[in-house]
Structure formats: C-alpha cells, structure tokens
Amino acid sequence: MKKTDLVSVKEVTVRFNEVDSMGIVWHGSYAKYFEDGREDFGKKYHLGYLDIFNSGYYAPLVNLDFKFKKPLVYGDTALIKTTYFNTRAAKIIFEYEITSPGSDIVIATGSSVQVFLDKSYELVLYNPEFYLNWKKEHNLL
C-alpha cells in the first residue's frame, strides 16, 4: 500500500444538526465529513459512486477508522483532506485529515476501505477493468 499524490481538499462549515447538546460536533458526524471528502475526491478524479455504479459495481465501506484530536464546534470551518492509497488488492483506500483553515491544527484523522461488489452483491476479488483503467490513467500500475 502506497500513499499517492491524488488528493482533494473540501471546506465544510459545521451545521447545527451536526453538534450535540454541548455544541461539539457529534462523533458520528465525522463519518459524514469523510463521505464529503470521498465525494469531492470522486468528482475531482472521476472515481465517484456513479462512476463505479455505471461501470457495473458497488463500492461499500468495509472499514472506517477515526482518531479525534480536537473538537469542532457549531459554526467552525474545517478542511477535509482526502488522500488515495494505492494497493494491488481490489479495494479503494483513503486517508483523511481534518484541519482548521489557515493553520496546522489537526482536528481528526482517519481512513476508509471500500471493496467491490457486482450487481448481484457478490464480492469481487479482482480489480474491475474500469478500476485498472482508472489506475493506468493516473500512473498507479
């Protein structure tokens, strides 16, 4: 597994429905922030959910990991940096870092792993052709 230069950065503002009664971002909201990062990455590099679906596959999450460093509160702005990790396995792996804009303050880090299912919801143990073509386009083979 190797970190790549394929990165996207998305800015988000903490909304009221993402915080708990103390005004701190509820831990479950970080899954949504990571999702925002994956969607932004997908748009930028043409590896979005519809790209995968239109190629005949699904890509469900099988692992999602968080490490919380500093709380976000209602109204804060944060940057979600999503980095693609290359692997030979039939998986899509991302690493995330959420920071405060204009600073090096790390709020949270994490990672996710997605696998491929065919349209019959069967696990695909090989890299689908569209994914190999995507990797080739980005010099990852």
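## A buried ring

With a relative accessibility of 0%, Phe116 is buried (under 20% relative accessible area, with a 1.4 Å probe and protein chains only; over 50% is exposed, and in between is partly exposed). Keep in mind that this is a predicted model, where local features need pLDDT of at least 70, side-chain atom pairs need 80 or more, and totals for chains, interfaces and linings use all residues. Residues are numbered from 1 along each chain as its sequence is written, and side-chain values use heavy atoms, without hydrogens and water.

## Rings in pairs

The whole structure holds 20 aromatic pairs (ring centres of Phe, Tyr or Trp, the last by its six-membered ring, within 6.5 Å; planes under 30 degrees apart are stacked, over 60 edge-to-face, the rest tilted). In one of them, the centres of Tyr57 and Phe116 are 6.3 Å apart and the planes stand at 75 degrees, so this pair is edge-to-face. Tyr57 belongs to strand 2 (residues 57-58) and Phe116 to strand 6 (residues 106-118), so the pair links parts 59 residues apart in sequence. Helices (H or I, at least four residues) and strands (E, at least two) are DSSP runs numbered from the N terminus.

For Tyr131 and Trp134, the centres are 6.0 Å apart and the planes at 10 degrees, so the pair is stacked. Both Tyr131 and Trp134 are buried.

## A lysine over two rings

Where does Lys119 lie relative to Phe53? Lys119 sits over the face of Phe53, 3.2 Å from the ring centre (NZ of Lys or CZ of Arg within 6 Å of the centre and within 35 degrees of the ring normal). Lys119 also lies over the face of Tyr58, at 5.5 Å from the ring centre.
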